[in-house]
Amino acid sequence: MIRIGILIGSTRPGRKGDQVARWVYERAARRGDAAFEVIDLLDHPLPHLDEPLPALAGRYQHGHTRTWADTIARFDGFVMVTPEYNASIPGVLKNAIDYLYAEWTHKAVGFVSYGVAGGARAARQLRALCELLQMGAVTPQVSLSLHTDFEDHATLKPGARHVGALDTLLDHVVAQSAEGRTTTPTQRETDEAAIRGHIDGIIDAIQAKDLEDLRRLYSTDVVSFDIDPPLQHVGIDAKLKNWANVFTFFQEVTYEVRDLMPTVGEDVAFTHGFGRLSGTLPDGTAAGGMWVRVTFCFRKIDGEWQITHDQVSVPLDILGGKGVVDLEP
C-alpha cells in the first residue's frame, strides 16, 4: 500500500503544528487508498547539519542521519505541515530536509501551512526547496489563518472550505505517489547513480589502499593531470604508480569528495567537485591534507563507465607563483 508521511515542521514550545497534523491525519485515515503516518521532528532531534559530506553523496556518517534517512525512505509521498516564522519556514524543518537527498527525490509532496496570512510565504519557499530536490510538489494546498481558523488564536477550528481543499490535496498526493512508485528510473538517472557509485568505489579503494580495486575503475588509456609532475600521466600503470606513491606516505588514508556535480551524456560523462586526501603518517602524526579541485571524465566502455581522464588542481597565487592550498569549499 502507498505510504504517506505527514511531517510536522515545527518543534517550538506551544506549537500548533501538532494540532494541524492531527487534523490532516484524522481526515486522511478515512481513506482506503493509502496508509498515513505522522512524522514528528521532536522524535528526530537532528543537530544543525553536521554531516561532513553533502547529502547528494548519500554517504551518511552519523547514526542520527541514518535513522532519519531510514524513516523518510519508508514513505512514497509526504504532506508537510509548516508554520510561517518571519516570512519563512522554521529552521528545524529546513535543517531536516537538508540532511537528505535521494530519500526525498521523485516523491510527491503537498503543503499545509498556517500563520497570520495562512503561511503562504512559507509554503512558497518550501515548494521551491522541494522542487529543487526533484520532488513532485502538487498544486493544491491548504492555508490556515491564525485569525479565522484558530479559536482565540490557539485551538484549531478550520473552516469547512478547508476540508474540501485538504481532500483534494490528499487526492493529488496519493495519485502522484502511486505513479512514482511504478515509474522506472530513466537511463540518465541510472547512469548518474552508476557514476556516483563509481566515485564511491574510488573513495573506498583509496581508503583501503587497494591498487587492484582502483585498476578496474580506470580505463587502460586513462590520462591524468595530477598535482605531481610531469604535466600528464598516461596509462593505467602510470596512474596506479601515482597512487602507490601516495600510499607510502600514509599509514591510514582518508579521502573525501564534496559538491560532486555529474553531467551525463549517452556514452561520455564528467563530474567536478572538491577532494581532500588526509590521514595518519607512519609515525602516527595526523595529516589534515588540503582541498583541491577534482574533475573526473568518464566513457562508457562495453556498457560500463570508466574514468578516462582526471584532473587535480589548486588555485595559483599569480604574483607569488605558488599554489594556494589553505582554501575550504
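Is Phe247 buried or exposed, and what is its relative accessible area?

Analyst: The model is predicted. In it, Phe247 has a relative accessible area of 9%. Buried means under 20%, so Phe247 is buried.

Phe247 belongs to helix H8, which covers residues 236-249. Trp243 lies in H8 as well, four residues from Phe247, or about one turn of the helix. An α-helix has 3.6 residues a turn, so residues three or four places apart point the same way. Trp243 also counts as buried, at 11% relative accessibility.

The aromatic pairs come to six. In the pair formed by Trp243 and Phe247, the ring centres are 6.1 Å apart and the planes meet at 20 degrees. Planes under 30 degrees apart count as stacked, so this pair is stacked.

Other aromatic residues are linked elsewhere: ring pairs join Trp68, Phe75, Phe78 and Trp104 into a cluster. Of these, Trp68 is one of the buried residues of helix H2 (residues 63-73), together with Thr65, Ala69, Thr71 and Ile72. These five cover an arc of only 160 degrees around the axis, and therefore sit on the same side of H2. They pack against strands E1 (3-8), E2 (35-40) and E3 (77-83), and against helix H3 (91-98). A ring also takes part in a contact of another kind, with Arg12 lying over the face of Tyr85 at 4.9 Å from the ring centre.

After H6 comes Lys209, with a positive phi near 55 degrees.

As for the whole protein chain, the secondary structure comes to eight helices and 17 strands. The C-alpha trace spans about 75 × 45 × 35 Å along its principal axes. Of the 329 residues in the chain, 43% are buried, and Trp243 and Phe247 are among the buried residues. Among contacts with a separation of 6 or more, 68% are between residues 24 or more positions apart. The accessible surface of the chain is about 16500 Å², and carbon and sulfur atoms account for 53% of that surface.

Methods:
Residues numbered from 1 in each chain as written. Predicted model: local features only at pLDDT ≥ 70, side-chain atom pairs only at ≥ 80, totals over all residues. Heavy atoms only, no water. Phe/Tyr/Trp six-rings, centres within 6.5 Å; stacked < 30°, edge-to-face > 60°. Helix = DSSP H or I, 4+ residues; strand = E, 2+ residues; numbered from the N terminus. Buried < 20%, exposed > 50% of the residue type's maximum accessible area, 1.4 Å probe, protein only. Lys NZ or Arg CZ within 6 Å of the ring centre and 35° of its normal. Contact = heavy atoms within 4.5 Å. Areas by Shrake-Rupley, 256 points an atom, 1.4 Å probe, with all protein chains shown as cover. Arc of directions from axis to C-beta.
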